[in-house]
Amino acid sequence: EKQWASGLTEVPPPIFLNFKIKPCRQKINYNPDKVDFEALQNGSIVELVNFSPLNDMVITLKAVHLERKMGFGEVFSSLASCWIQDISSTQLYKFVTSSSPFQPITSIGTGVADMVILPWDAIQNGDSISEALRVGIKSFADSVVYEALNVTTKLTGLASKKLSSITHSSQQERATSLTLPSRPYTMPRNLTDTTGHAFESLAKGFETASCKVIIIPYREYKQKGATKAVKSVVKGIPVAILAPIGAASEALSYTLLGARNQVRPDIRKEEEASQQELHCDFQHNAR
């Protein structure tokens with residue numbers, strides 16, 4: 001024990017004679033901000049992860065047994081070292097197959113594998129080949145439908161955000177530019193749950209367009225004459241075109257999200273649980 005000047009003593013860290021942890025699986029969704037190229041040039045391989053988002057990557061943290069470790073710092077350091085070494089040697093490929101460009105191909109590839117492996121297993125085990133083939137085809141079809149809906153949802157959502165940001169050409173015009181309504185906090189369970197937000201988005205898009213080419217030019221005409229009104233119409237045409245397209249993209253994106261969740265309710269439940277955890281963490285940190 002360390003003796004302090006005041007007469008107090010420092011409590012020594014605990015000694016873990018045996019520390020065991022069971023294997024567990026973790027699902028990771030990661031959206032990088034930017035790549036630190038300087039760190040990458042200096043040999044930081046971790047920066048490779050920042051090249052592309054990771055979608056639904058599942059890694060397995062292996063069982064670890066530690067002996068005679070002093071303090072929590074040494075325990076956590078040894079745990080991290082064991083897991084990083086194991087992931088680097090056995091699961092590094094998942095960082096590629098789960099990245100955005102390859103993740104849909106990987107998912108569909110799993111369905112294709114089921115079409116081949118399940119009938120082959122049925123032949124080896126003497127089971128019904130037709131039933132195994134039916135299950136394999138269903139797995140393949142489900143993976144194709146899910147990935148088609150998932151990718152289209154993300155692309156249309158990205159398009160709506162980009163188009164919405166384009167209409168905000170200046171600080172003065174933000175009040176009349178396209179501002180899409182916020183999505184409901186609760187995720188849609190099916191197509192029926194998407195109708196409210198989809199129609200609201202479409203209405204907002206057409207409202208913005210009419211405001212740009214009808215209402216504002218009419219005000220300009222009443223205040224400054226026909227010349228200003230014509231200029232206002234010409235100036236508002238790009239927004240009048242982009243606003244309905246952006247709103248339609250958001251409506252389509254949210255509708256496809258409902259369709260995706262109807263096909264894969266398990267994914268919806270996982271995302272809802274993750275969203276609730278983030279919301280609770282935010283409320284806890286705000287206190």
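Does Cys211 count as buried or exposed, and what is its relative accessibility? Cys211 has 15% relative accessibility and therefore counts as buried, since buried means under 20%. The tour will come back to this residue. Keep in mind that the model is predicted.

**Whole chain**

Start with the whole protein chain selected. The chain holds 8 helices and 6 strands. The chain has 287 residues, and 30% of them are buried.

**Strand 6 and Arg68**

Select residues 64–70, which form strand 6, and pick out Arg68 within that strand. Arg68 is not a glycine, yet its phi is positive, at about 50°. Most residues other than glycine have a negative phi. Show the side chain as well: Arg68 has a relative accessible area of 61%, so it is exposed.

**Helix 2**

Next, select residues 71–90, which make up helix 2. The helix has 20 residues and spans 29 Å from its first C-alpha to its last, close to the 28 Å expected at 1.5 Å a residue. Which residues of helix 2 are buried? They are Gly71, Val75, Ser78, Leu79, Trp83, Asp86 and Ile87.

Now select Cys82. At 24% relative accessibility, Cys82 counts as partly exposed. Cys211, at 15%, counts as buried. How many disulfides does the structure hold? The number is 0. A disulfide is a covalent bond between the sulfur atoms of two cysteines.

With a relative accessible area of 43%, Ile129 is partly exposed. Ile129 and Leu118 are 11 residues apart in sequence, and their C-alpha atoms are 8.3 Å apart in space.

**Helix 6**

Select residues 195–224 for helix 6. Helix 6 has 30 residues and reaches 42 Å from first C-alpha to last, close to the 44 Å expected at 1.5 Å a residue. Where is the kink in helix 6 centred? The kink is centred on Cys211 and amounts to about 45°.

Cys211 is one of the buried residues of this helix. Others to highlight in helix 6 include His197, Ser201, Gly205, Thr208, Lys212 and Pro217, which are buried too. For contrast, select Ala203, also in helix 6. Ala203 has 45% relative accessibility and so counts as partly exposed.

**Helix 7**

Select residues 226–263 to show helix 7. This helix has 38 residues and reaches 55 Å from its first C-alpha to its last, close to the 56 Å expected at 1.5 Å a residue. Zoom in on Gly236, where helix 7 bends by about 40°. A proline, Pro238, follows within four residues of that bend.

Then go to Val263, which is found in helix 7. Val263 is partly exposed, with a relative accessible area of 35%. Select Arg189 together with Val263: they are 74 residues apart along the chain, and 9.5 Å separates their C-alpha atoms.

**Helices 6 and 7 together**

Finish with both helices shown at once. How do helix 6 and helix 7 cross? Their axes come within 7 Å and cross at roughly 175°. Angles over 145 degrees count as roughly antiparallel, so helix 6 is roughly antiparallel to helix 7. The residues of this contact divide into 20 nonpolar, 7 polar and 5 charged.

Notes
Residues numbered from 1 in each chain as written. Predicted model: local features only at pLDDT ≥ 70, side-chain atom pairs only at ≥ 80, totals over all residues. Heavy atoms only, no water. Axes fitted to C-alpha atoms, helices over the stretch in contact; angles between N-to-C directions. Helix = DSSP H or I, 4+ residues; strand = E, 2+ residues; numbered from the N terminus. Parallel < 35°, antiparallel > 145°, perpendicular 65-115°, else oblique. Nonpolar A, V, L, I, M, F, W, Y, C, P; charged D, E, K, R; others polar. Disulfide = S-S within 2.5 Å. Buried < 20%, exposed > 50% of the residue type's maximum accessible area, 1.4 Å probe, protein only. Expected span 1.5 Å × (residues − 1). Bend = angle between axes of the 7 residues up to and from the residue.
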